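Here's a quick briefing to read alongside the structure. Have the viewer open and follow along, topic by topic.

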Amino acid sequence: MGDRTPRGGTDQGGFGDDDTVTILRALVLTITLVGTLFGTATAATAAPATVPAAAAKKMPCASTVRACVRLSTNQAWLLRDGKIVSGPVPVSHGRKGFATPPGTFRVTYKSQDHVSTIYDREMPYSVFFNGGIAFHQGSVRQKSHGCVHLTASAARTFFSELSPGDRVQVVA
């Protein structure tokens, strides 16, 4: 009979159930991280349903704004001189009780390495346009506390393109 292990089993040199679960969790995490880094989708990171091409191409905001957000389709655009320079890009926005309000606003300030003092969360590449509401890097698959989450590359683009005073329009 083998030596007793702390778990009450025998030490026979093989994997126990706990070891198998740990290895499977590590494998799922690794696949998810690799998929995120290289832009591939797995069942755990699959993108939400796509928007019809005709709806995606039609930017719903005034041509005089610099950024546009369409809440109903989770999309955003950047404009310069009335022409689309980026987008549509995927976004997520406020969850129930923390809705992202529609309207036209002005960019008030930017903070590349912002940390929320309310939620104690990093908000990289923040561009504030409605009080505490900002565009920033975050999960486009999870709803926010009102901010507009962008992918890492889109957040960097919005951060570099937008300046205080620029107009942002959010539509339902």
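Strands β5 (residues 109–115) and β6 (residues 122–130) pair up antiparallel, with 6 bridges between them. Keep in mind that this is a predicted model. From that hairpin we'll go on to the aromatic rings, a helix and the cysteines.

**The β5–β6 hairpin**
- The hairpin has 6 residues between its two strands, and Asp120 takes a positive phi there, near 50°.
- Across the pairing, Lys110 stands opposite Val127 of β6.
- Lys110 also has an aromatic contact: it lies over the face of Phe159, 4.5 Å from the ring centre.

**Aromatic pairs**
- Searching the whole structure turns up 5 aromatic pairs.
- One of them is Tyr109 with Phe128, which counts as stacked because the ring centres are 4.5 Å apart and the planes sit at 10°.
- That pair ties together distant parts of the chain, with Tyr109 in strand β5 and Phe128 in strand β6, 19 residues apart.
- How exposed are the two partners? Tyr109 is partly exposed, at 38% relative accessible area, while Phe128 is buried, at 3%.
- Phe129 and Phe135 make a tilted pair, since their planes are at 40° with ring centres 4.9 Å apart.
- Both Phe129 and Phe135 are buried.

**Helix α3**
- Helix α3 spans residues 152–161, and its buried residues include Ala154, Ala155, Phe158 and Phe159.
- Why do these four end up on the same side of α3? They cover an arc of only 135° around the axis.

**Cysteines**
- The disulfide count comes to 1.
- The bond joins Cys61 to Cys68, with an S to S distance of 2.1 Å.
- Is this link right-handed or left-handed? With 70° about the S-S bond, the Cys61 and Cys68 link is right-handed.
- Cys61 and Cys68 are both buried.
- Cys147 is buried too, because its relative accessibility is 9%, and the cut-off for buried is under 20%.

Definitions and conventions
Residues are numbered from 1 along each chain as its sequence is written. This is a predicted model: local features need pLDDT of at least 70, side-chain atom pairs count only at pLDDT 80 or more; totals for chains, interfaces and linings use all residues. Side-chain values use heavy atoms; hydrogens and water are left out. Buried means under 20% relative accessible area, exposed over 50%, partly exposed in between (1.4 Å probe, protein chains only). The arc is that of the directions from the helix axis to the C-beta atoms. Two strands pair if DSSP finds at least two bridges between them. A disulfide is a pair of cysteine sulfur atoms within 2.5 Å. Rings of Phe, Tyr and Trp (its six-membered ring) pair if their centres lie within 6.5 Å; planes under 30 degrees apart count as stacked, over 60 as edge-to-face and the rest as tilted. A charge sits over a ring if NZ of Lys or CZ of Arg is within 6 Å of the ring centre and within 35 degrees of the ring normal.
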